[in-house]
Amino acid sequence: MVMVVGLFAAAIAQTKPISGKVIDKEGKPIEGASVKVKGKQGGVAANSDGTFTVTVKSGDVLIVSSIGHATKQIKISNQTSVSVVLESDDATMGEVVVTALGIKKNPKQLGYATAVVTSKELTQASVPNFVTGLAGKVAGVDIRLADNGINPAVKITFRGSRSILGDNSALVVVDGNPVDQSYVATLNPDDIDNVTILKGSNAAALYGKDAANGVMIITTKHGKSGPWSVNYKNSTMAETVSYMPGLQTEYSPNGGEGAGFNNPSNTNGCLGCVSYIDPATGTALPVPFENQNFGTAYNSKDFPYSQIAVGIDTNGNIKYVPFAPVKNGRRNFFNTGLSEQNDLSISKGGKLGSFNISGSNVINHGVIPTEKNIRNTISANGTLNLDKFTASGGITYSSQNIDQVGLGFSGGTQYRPVYWDVINQSANVNLADFRNVDTDPYAGLQGWANAYYPNPNYQVYHSKSQQTKHNTIANLTLNYQLLSWLKVTARVGYNKSTRNAPAYIDSFRYAKYSYGIFAAKPTYDPFGAGNIASGYPFLPYQSELVKTDFDDLNTDEFFTINKKKNDFEYTLVGGANLRSENSHAYWYSNQATSVIALPNSSTKVNNADGSAYMNENYKYRTQAVYSDLLIGYQGWAFLHGSFRNDWLSILDPKTRSYNYYGADASLILSDKLSSLKDDGVYLKVRGGYSITGNVSLSSNSGVGYLGNNGSGFSIPNYGAYVIYPTAIPGSGFPYGNTNGYSLNTGAVQTGLSPERDYSSELGFELGLLKSRILLEVTGYNTVAKNQTLASSPSAASGISSFLLNAGKMTSRGIETSLKLTPFIKLGKFDWNLTVNYTKQDNKVNYMVPGTDTFPILNGTTFEIAAISGSAYPQLLVKDFKRDPQGQIIVDGTTGLPTPATSLKVAGNTQYTDLLGITSNMTFKGFSLSMVWDYRSGAKILNYVGAALDFAGISSSSGENREHFVVPNSVISVNGKYVPNTNIATTGPPSQWWYATYSNVMSPYVVNAAFWKLRELSLAYQIPLKSNPYLKRLSVALVGQNLLMFRPSTNQWTDPEFSAQGSGNAVGYTSEFQTPPTRRFGITLNAGF
Amino acid sequence: MLTNNNHTMNKINNKYLIILVSLLSVTACKKQLDTNLTNPNGVTSAQITGKDVFANAIQVTSGNITNSYAFANEWMGYWARTTSYSQSGQEQQENFALQNSLGDGIWQSHYHNIYDYNFVVSNSATGSILPGASAVMKALVFENLVDVFGDIPYSAAGNPNVSTLPKYDAATDVYKGLIADINAGIVKIKASSATGDDASDIVFKGDKTKWVQFANTLKLRILLRMVPNGDQAFVKAALADIATDGTGYLVAGEDVTANPGYANLEGKQNPFWSSYGFEVNGGAKNNNTYYIANKTMIDYLNATSDPRIGYLYDTTNGRNSGNYLGAVSTANPVSSLAHIGPGILKSASQPAVIMLASQSIFLQAEAAQRGLISGNYSSLLQTAIEESFRYLGLTTAAADAYYTTSKDDRVNPANGSYPLKAIIYQKWVALAETDALETWSEYRRTGFPDRTNPSISVGVSPANDVLPKRLLYPQSEYNLNSKNVNAEGQASDGFTVKIFWGQ
């Protein structure tokens, strides 16, 4: 009956043709834009000039859509032509959010926190790695850069840590396919259209095994409908060291050598140094070969000479420099880095689809001489639109050539990074004057006066750690609209990454004149102390090769059902996933059995010539089925649930199947309560709960020993085979056919199961004044139970390490985001402001039974650990022995304190407060953008501080060079501690620094808080008078990390740095992180 | 009306569907998930069975017996050292300044050995002799642990799925448990049949009778230790079981040794030879130079005109003296110091010793002397000495001459009134350098060799010249299993706390 009426109504309606034009915001026609009449089959596509004609009747609604643009609906009344302006997705990101599996949703439908960062926001400061362009821009997102080198590791975490030993890093998905986090460094930031952050596991449950840590969904540019568009960008940036540690320039080199150490009458002794003792005062005089700087002051009258030796050549000629500190003598080692980036992209779109082809080249010369990182990227992406069948896909190839300085050498076996050799030089040496290491005899290995650490310039040219990486990622998504309400989708993604990483240290045979006093007689050592050559007159050629490759094939097939019934609409997704990951590592060393530490691998083969190699292979397979249901009610209430069942190859067949569940709801109260809407208020309340898993069987293992970071290259092993530990062949076995294995001393609990994360979140979004003010607040709580931990059992159990399910950690936090668009608007002056603030907190509820402290990084002077009842992770350091009041106990005779036997808790190392401020001012064609980043609530240990104090190089070690009474110290008198008022330190004065103070780590722990001006950009859009070829031209002055403010106690380095790279053990820096840098330059952007 | 919808269906383009379906058809199967079961980088415990583990477990046990007790070789007067240079912890152990670290390696190695045997017990072919044999070997290792430490983790040990922090059991309970364990092993051995696993039995090649004889001998050793401080009814009942069984003990010629195929090749040498002997090319290993004869033993052998002196020690080139424990070579020129002898270091391919036949016969001699089993203790003692001579490379005739002509009560009980003295003294000589733990245990149990004539360790300050009664629990237990090890109370003392059978 209803139908009959409907038919009748249609029959009597007046139909008419209507013409129109579809253009974009800039007025350009959008070719191929789809124009449909709501509720009818079929439709038309706009012509090349954007025009179309369609037959409608009054009251019809036109739906105009085009790829890359937001869809628009226009109600037709009595007009005969329409002009449709489609806004690009960029500008309307608030309206579409890419969620799990690439499913696009209206943000109203989401019951969880998300954030979208557009291409423009990411690249406004011309960052080489787009992840650094995320820092400070999204609440709840912690981007931590391991260092400022040319190839830094980045740790990306959302909402803090959940897993004690497992991976806490967010999953990265590129165009629907998960990739290894290392892949982000190979991406050209300008190829990225937008990045969607799904912060919690609620949003990500559908991704399965890697979802617990949130997901970063990267969508690359696929072109947009419209005419040919060519874009060229050049960015030229300089980079300089911004902060060196505090170094003293007052005192000269001396390691405590006194009278008699070197008798000037000894014919073999001490060329270039006249005497070690000032006969008048008995003061230790400068010792040219020392790395320690406990000598006389440079301005001292005690030293009667105006020069000091710094080198000697084969003829015995000595090079002297003035006996005075050189301004920035050590800092001058660093170059001004230079990076140049050129990008070219071409895109075109029409009714059949679109494409985007781009190429880019980046040459980045770092601040360490000779270091460079070259990246080339070629990318082709496109879409195809054939009525019911649509496809999108692309392929990106990138190569990286990373050329870094390898480890140094002292005595042939002590491997040190170049920064160590920079800081262990005295203030009278200007490292910039000793660059010609192969021609200048004083700059080479044997002529260099410093007996302990070589000229770092030598290391730059003779120790190399190189990498060539090739990365290919391809993906294809096919959609078929089977029925008006049923769509099927198939997606396949493939990622292959190979790395070839040779490293070497050149050999060197010292001339006899430079042999040290420890060498066989006769001794020649001209400086009387032993050069590096002491005992090691021959440095062997050491070479190493690491090859790694991994590939990842990921396929998804799913259907999407969209149905509407009365007030309800349903979207049901169901599908399956298969993922197959393979990893291979090869390692070779020519010195494996003599010099280089051996890898602990059951595949290692020792060759008779002292070399060795190994081959390791890992496989990981995942199968999954999933389902996702969204129910909407009247467009203002949404209920969403997801379910996934994973089968993981790396687990035991009995436990390898497990499920993820997620449910969330969203209520747009302002849509329901029209009074609110009428007042320009937007109010959304949302909440969700999920149960996900985290398989933390193993972190990536390292391979390689000569590489620049000393810890090798990470190879993904996925935790494959971990639950079946390898048996070790007994000594001598096999004998003939008789095997003789011993079981591994590590074992795994039977039925080891994944970690379970129980996560809930609740939030609201409030828009006022038609969203001019937008406030978003989300609170979350995650309880991670059943963690996978390698405990240390009693040896009486038969083993020494036991992987078991234990431990519980709770994380919670509040994420706040306040957007003011505009904050101030005065005529043509616009000021937009976004403030993000995150307060996060976590607590280890309990650990392995029988223990409260579980180290995640072991050490003798410090540890980073999980401690029951405390925030995670905790830093523990060696401190002095103290009385119950916390005062340092000194010896009643020597006046010196001693280190305590056990380590002391120094505080948590994960930031608890993160504040980001993004400001954007525009005036006519000018725009000034900046990002400020503040973090606090964490402690950091500066390991390098102890090295600097040990050697008397630090500015702090310029003090206390005479005996003194340790402030606030106590002595023990008859078993009671009484204040020490008069017992001064004893022994050689320098002993305080090298033997006492630097033996404990507590002085080097500081508040890790900082304020940073992350990004600054001043751009100008040059007005062009309808130039037929050049359509857009802009130029920008950009800068990164221009300013950093730290507590005055932190005199060492950038507290954001982490010696553990992307590992969990954040909280300390070492000599492997070179000083922080700032970058600034100019960017030119032209559109054709 | 309805035709409109049907019309849609007809328009489905088959071509695209085929593409979709072909992508969908990537098969999901169990085989893919099972990739984890095979590790290309090594052999996993899932890929091996008991027969792949047993031979090495035996090698480890024998290696522990001969190699892990250098300190006992010093304490029992067999070895001293040559140089003023001391290896890590050496001086402390020579001065009986016990440290927790001394027992660390023994603890770890023995328990991991037990863990390996447990694997053989539960992962062997049906009918295999290896589970029964492993039960016997495991009992031997546990017995050694009791003899070193006293109370030890036993019922909850060696199986991390049972406990990662196992509790300690009273030594007396462990001993009783071991008898039951060996009995269970004997049942399994008897029930076994010849299988392919016999090839991995590098001790008896699947000879069930010999395994049972060895098991009975081990039981006898444990039971004798329970006299007189243990449960005598239990001892009597257990001995009655052995008599009923009828298989008997190891007899003359039946040394319990293992040889998977030792040879003078790199990595293939007999473990004792490899540590205390010589390189493939003949050069002396560090330990061979480091350890030399202890004056205590040299003096005793000379005093009793024991022809074994030239076999226990390398006395060639006029090297006829030794150092006292803790003393270094200043008193005697190094050239005069005797080294480990050719009866102990026979060749790189010699079998590894687990229990010599002489030990079995000494045990029988003592049991006969105590009236616990039938037999003539004197003739058994003579046979035991013959076996010792035979093992070291001397003739039976030489043994008989030595035994019958000696006027010393440490050799022939006919010369004295306390037959046990000769039995334990002779065992002390017979087991020298191959099973020092056993002679240290027998010393602690019987007081022989007695400390006045001669003292077994001279060179230590007299006030401290008391042999430890046990080793301290290892530091790792205090770090990791603190609750259980601290429940042992006086455990930190190695001089007042004795093993339950000790004096």
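# Reading the labels in a two-chain model

Mentor: The cover over the buried residues of α14(B) includes β3 (291–293), α15 (309–312), β4 (313–314), α18 (396–405) and α19 (419–430) of chain B. The model is predicted.

Trainee: Which residues in helix α14 of chain B are buried?

Mentor: In α14, which runs over residues 295–303, they are T296(B), M297(B), I298(B), Y300(B) and L301(B). Residues three or four places apart in an α-helix point the same way, because there are 3.6 residues a turn.

Trainee: What is found at the start of α14(B), and what follows the helix?

Mentor: At the start, a side-chain oxygen of N294(B) comes within 2.8 Å of the backbone nitrogen of T296(B). The limit for a polar contact is 3.5 Å, so the pair is inside the limit. After the helix comes S305(B), with a positive phi near 45 degrees.

Trainee: Why is V256(B) called buried?

Mentor: Its relative accessible area is 0%. Buried means under 20%, so V256(B) qualifies. V256(B) sits in strand β2 (residues 256–258) of chain B.

Trainee: Which residues does V256(B) touch, if those up to four places away in sequence are not counted?

Mentor: V256(B) touches V203(B), F204(B), F214(B), L250(B), A352(B), V353(B), I354(B) and M355(B).

Trainee: How far is V256(B) from A55(B), C-alpha to C-alpha?

Mentor: The separation is 14 Å, for two residues 201 places apart along the chain.

Trainee: On to chain A. What makes N168(A) buried rather than exposed?

Mentor: N168(A) has a relative accessible area of 0%. That is under the 20% cut-off, so the label is buried. N168(A) is in the loop between β12 (154–158) and β13 (171–174) of chain A.

Trainee: Which partner does the side chain of N168(A) meet in a polar contact of side chains?

Mentor: N1064(A), at 3.5 Å. A polar atom of the N168(A) side chain also lies 2.8 Å from the backbone nitrogen of S163(A). Beyond four places in sequence, the contacts of N168(A) include I156(A), T157(A), N213(A) and Y872(A).

Trainee: How do you know whether Q634(A) is buried, partly exposed or exposed?

Mentor: Its relative accessibility is 41%. Q634(A) lies in the loop between β31 (612–633) and β32 (637–648) of chain A. Its phi is near 55 degrees, a positive value in a residue that is not glycine.

Trainee: How do you know how the size of chain A stands against a compact globule?

Mentor: For 1088 residues, such a globule would have a radius of gyration near 31 Å; chain A has 33 Å, which agrees. The C-alpha atoms fill a box of roughly 120 × 75 × 65 Å along the principal axes. Of the residues of chain A, 58% count as buried. Chain A has nine helices and 60 strands.

Trainee: Which peptide bonds are cis, at P822(A) and at P449(B)?

Mentor: One joins T821(A) and P822(A), with omega about -5 degrees. P822(A) is in strand β44 (residues 808–826) of chain A. Another runs from F448(B) to P449(B), with omega near 0 degrees. P449(B) is in the loop between α20 (436–446) and α21 of chain B.

Trainee: What makes the meeting of R656(A) and D34(B) a salt bridge?

Mentor: Their side chains meet at 2.8 Å, N to O. The limit is 4 Å, so the pair counts as a salt bridge. Across the interface of chain B and chain A, the rule finds one salt bridge. The rule also finds 24 residue pairs in polar contact there.

Trainee: Which helix gives the largest share of the side of chain B that touches chain A?

Mentor: α7(B), with seven residues. That side divides into 34 nonpolar, 26 polar and eight charged residues.

Trainee: How many residues are in contact between the chains, and how much area is buried?

Mentor: 68 residues of chain B are in contact with 63 of chain A. The chains bury about 5500 Å² between them, with 63% of it on carbon and sulfur atoms.

How values were computed:
Residues numbered from 1 in each chain as written. Chains lettered and ligands numbered in written order. Predicted model: local features only at pLDDT ≥ 70, side-chain atom pairs only at ≥ 80, totals over all residues. Heavy atoms only, no water. Helix = DSSP H or I, 4+ residues; strand = E, 2+ residues; numbered from the N terminus. Buried < 20%, exposed > 50% of the residue type's maximum accessible area, 1.4 Å probe, protein only. Contact = heavy atoms within 4.5 Å. Buried area = accessible area lost by both parts, 1.4 Å probe. Polar contact = N/O pair within 3.5 Å; in protein donor to acceptor, adjacent residues only side chain to side chain. Nonpolar A, V, L, I, M, F, W, Y, C, P; charged D, E, K, R; others polar. Rg over C-alpha atoms; globule rule 2.2 N^0.38 Å.
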